[in-house]
Amino acid sequence: MSTSIESVLQEHRIFNPSPEFVAQANVSGMDAYKALCAEAEADYEGYWGRLAREHIVWKQPFSTVLDETKAPFYKWFPDGKLNVSWNCLDKNVEAGLGDKTAIIFEADQGEVTKVSYRELLGRVARFANALKGLGVKKGDRVIIYLPMSIEGVVAMQACARIGATHSVVFGGFSAQSLRDRIEDAGAVLIITADEQCRGGRNIPLKPAVDEALTLSGTDSIKNVVVYQRTGGPSVMTAGRDVWWHEVVANQSDVCEPEWVEAEHPLFLLYTSGSTGKPKGVQHSTGGYLLHSILTMKWTFDLKPDDVFWCTADIGWVTGHTYITYGPLACGGTEIVFEGVPTFPNAGRFWQMIQNHKVNIFYTAPTAIRSLIKAAEGNPDVAHPKNFDLTSLRVLGSVGEPINPEAWMWYYENIGGGRCPVMDTFWQTETGGHVITPLPGVTPLVPGSCTLPFPGIMVSVVDEAGHDVEWGKGGFLVIKRPWPSMIRTIWNDPERFKHSYFPEDLGGKLYLAGDGAVRDAQTGYFTIMGRIDDVLNVSGHRMGTMEIESALVSHPLVAEAAVVGKPHDIKGEAVVAYVVLKRSRPVGEEAKQIVKELRDHVGHEIGPIAKPDEIRFGDNLPKTRSGKIMRRLLRTLAKGEEITSDVSTLENPHILDQLKEVVK
């Protein structure tokens, strides 16, 4: 990657935190932020050790903070012992929060169930006892293939309670994907459901498990526990399959936790969306829990009476950290939502915020952009102006960089111009936020994730691992290990070292895999997209995010995704996939809009950034969690047939639309 970015969209809008917000914030003001950073700089181990002692209850206190003797296989708090489930549940019950609502579950059709901390602890204990009764023990791996539900949280917490390592597989994945994860993890048990409910439809889950278990490599599975979500048809294999409600029926609601070492694997989470063997990201117990707590308290400014809603699925790391573990470890009240944002209409999110008086709302840019289109297309039903959103205090964005114009719409229409937007950058591998604003600290700039989380040493370097000047682009790296970092790739330590600590950069820098640039004046970080999403057009390096931001800033455009394809002369050509705020254009109208959009990008960035092709669709190809499948867009751009698994797509028919090139 070159050490200069020729075309960075200049963003001059700045939004300072209000004095009232600063006064009540958990991290109050820039001086407080700088003090935390200075403490970490002066005594790195002392800083993290202090936080770990203050925020976690340890069964056996640690004496060593960081063990670097086998770098990059770092160990944090290695001689300490704890239990995550105890820190999420028992701790809060013992602190007098037993009757406090832990989870507000809203089902696809709108039914609401509330569960207190005491009730949740009882459910977790009974299911943990059931797992032990089926022979699951400390260190065993358990696959969880469940819909969004209270049971999903219970299953994860129950595994943590008995020291089993869970691996959640997103409910949209195919039987083959499930098989691959079972084999790689060597799992002994699967927890699933008969069906899941999404958008008014019942979608089978158990048949995918049955199919996966007919494939080679799954002999390690001894039992399948089935949660009866809908009562839909399920073929139960005698001696292997058991109903959830039956195995918990006579269990005690007391289960002594398994006290595990801080480095004990809490979970494996397999990265998806790429070819080759699935990559099992392994996370620890102690370090991961610490960062879950800190980011809840500092990034989201969580207060005791707040209602927190993260819209992610538990199949992704966001759902692990900001549904199953972080909010509960802080004694918060959280929303768990089963459905989709557009059912029964695209006002669903705003209706739920109004009904449940949500204070902190955390969602993805893809959801925001699609809801912008829905709001403007059907303002009487789907526009947030129709709902009372005054309970909101903090907004968050996660999953990919957010375009400045989408940020502004979110800030003005959802937050009413008073709620700070936490544009959080992190990854499955980082366990929690690594670059993010803090709401009582950071002047906000649309499209920038701003500054590192206190104690995370982030930098931008060139190909040799040397820091580049602010204002020039390079590789995003983290210079020091941190508690919630990936520990290894399950069963593949060499791949771990090669992927994240490459020798080209000296073997000591964590390579995030993203290109980034720091603003020359503020030092704010802007993520330019994955390293392989930085285009080389006639020798000019441009992040795809820049071009997408320019397209979305046009008043006609709701959403855009940009990829490159090989070009004989320019090296790479720019291909843009665009969703308009109105119906998909065809014929001469499409040609006119293409010209208008190309000229707009040329004006915003420069002629070199004008897309060579623009294709229109009613939507972009997304997983059921809202993630754009860019690898499919690259395949379409090159004119190749898609042969990979598209079972995770919410809308596979969109691919046919996006094959069409406007001449």
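The model is predicted.

Start with the rings. The count comes to 38 aromatic pairs. Take F62 and F77. Their ring centres lie 4.8 Å apart and their planes meet at 45°, so this pair is tilted; an angle over 60 degrees would have made a pair edge-to-face. The F62–F77 pair links distant parts of the chain, 15 residues apart. F62 sits in the loop between α3 (44-55) and β1 (66-67). F77 belongs to the loop between β2 (75-76) and β3 (81-82).

F77 also pairs with W76. Here the centres are 5.7 Å apart, with 55° between the planes, and the pair is again tilted. How exposed or buried are these rings? F62 has a relative accessible area of 6%, so it is buried. F77 is buried at 0%, and W76 is buried at 0%.

Now the voids. There are three cavities of 30 Å³ or more. The largest cavity has a volume of about 40 Å³. Its lining consists of N83, V84, C159, A160, G163, A164, V260, H264, L266 and T285. By class, that is six nonpolar and four polar residues, with no charged residues.

The second largest cavity also has a volume of about 40 Å³. V168, V169, F170, F173, R181, L269, Y270, G315 and W316 line this second cavity. Seven of these lining residues are nonpolar, one is polar and one is charged.

Key. Residues numbered from 1 in each chain as written. Predicted model: local features only at pLDDT ≥ 70, side-chain atom pairs only at ≥ 80, totals over all residues. Heavy atoms only, no water. 1 Å grid on protein atoms, 1.4 Å probe; cavity = no way out; pocket = protein on both sides within 12 Å on 5 of 7 lines; lining within 4 Å. Points joined across faces, edges and corners; volume = space filled by probe spheres on them. Nonpolar A, V, L, I, M, F, W, Y, C, P; charged D, E, K, R; others polar. Phe/Tyr/Trp six-rings, centres within 6.5 Å; stacked < 30°, edge-to-face > 60°. Helix = DSSP H or I, 4+ residues; strand = E, 2+ residues; numbered from the N terminus. Buried < 20%, exposed > 50% of the residue type's maximum accessible area, 1.4 Å probe, protein only.
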